[in-house]
Amino acid sequence: MVTPVERERALQRIRQICLSLPETSERLSHGAPTFFVRGKRAFVMVLTDHHGDGRFALWCAAPEGMQRVLVEGDPENFFVPPYVGHRGWLGVHLDRSLSSDDIAGIAEDAYAEIAPAKLVEAVQLAREPR
């Protein structure tokens, strides 16, 4: 069970990660904090007890085939989310054993799936050692 303080701390960390990426924004979508590229295309949602499912989770875009690999390989941490799972989106339990760095990598991968190539390239260039 995740306390409200732990949920808020996790949401703040996800917010920090997502909003540090180029041309991203946050607004509620279907009652959940959702992160968008250029205000249009969602790449991450954070849900708490969605329709009583008991989960504190992140739903995100994922590279083709990644959902199946992760859900089958690590069902403790990953699941197929309702509504968007058929499009390959990944469900990530935020109250399990994944580290903050793991969550950051997942969110960044989700961004790379949705953002235009020029924005993804800008992120990659900014991270290259100089």
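Student: Where does alanine 42 lie?
Tutor: Alanine 42 is part of strand β3, which covers residues 41–48. Keep in mind that this is a predicted model.

Student: OK, and which residues is alanine 42 in contact with, leaving aside its neighbours within four places in sequence?
Tutor: Apart from those neighbours, alanine 42 is in contact with Thr34, Phe35, Phe36, Trp89 and Ile114.

Student: What separates the C-alpha atoms of alanine 42 and threonine 3?
Tutor: Their C-alpha atoms are separated by 26 Å, and the two residues are 39 residues apart along the chain.

Student: Switching topic: where is the place of glycine 88?
Tutor: Glycine 88 is in the loop between β5 (78–79) and β6 (90–93).

Student: What does glycine 88 touch, not counting residues up to four places away?
Tutor: With those residues not counted, glycine 88 touches Ala62 and Gln67. As for methionine 66, glycine 88 is 22 residues apart from it in sequence, and their C-alpha atoms are 7.8 Å apart in space.

Student: Now the helices. At what angle do α1 and α3 cross?
Tutor: Roughly 40 degrees, and their axes come within 10 Å. The crossing is right-handed.

Student: Which residues make that contact?
Tutor: From α1 there are Arg13, Ile14, Ile17 and Cys18, and from α3 there are Ser100, Asp101, Ile103, Ala104, Ala107 and Glu108. Sorted by class, the contact of α1 with α3 has 6 nonpolar, 1 polar and 3 charged residues.

Student: And why are α1 and α3 called oblique to each other?
Tutor: Because angles under 35 degrees count as roughly parallel and 65 to 115 as roughly perpendicular, an angle of roughly 40 degrees makes α1 and α3 oblique to each other.

Student: How do α3 and α4 pack?
Tutor: α3 and helix α4 (residues 117–127) pack at about 140 degrees, and their axes are 8 Å apart. α3 and α4 are therefore oblique to each other as well, because it takes an angle over 145 to count as roughly antiparallel.

Student: Which residues of α3 and α4 meet?
Tutor: On the α3 side, Glu108, Tyr111 and Ala112; on the α4 side, Leu119, Val120, Val123 and Arg127. The residues of this contact of α3 with α4 divide into 5 nonpolar, no polar and 2 charged.

Student: How do the lining residues divide into nonpolar, polar and charged?
Tutor: The lining of the largest pocket has 7 nonpolar, 2 polar and 5 charged residues.

Note on methods. Residues numbered from 1 in each chain as written. Predicted model: local features only at pLDDT ≥ 70, side-chain atom pairs only at ≥ 80, totals over all residues. Heavy atoms only, no water. Nonpolar A, V, L, I, M, F, W, Y, C, P; charged D, E, K, R; others polar. Axes fitted to C-alpha atoms, helices over the stretch in contact; angles between N-to-C directions. Helix = DSSP H or I, 4+ residues; strand = E, 2+ residues; numbered from the N terminus. Left-handed = near helix turned anticlockwise from the far one by under 90°. Contact = heavy atoms within 4.5 Å.
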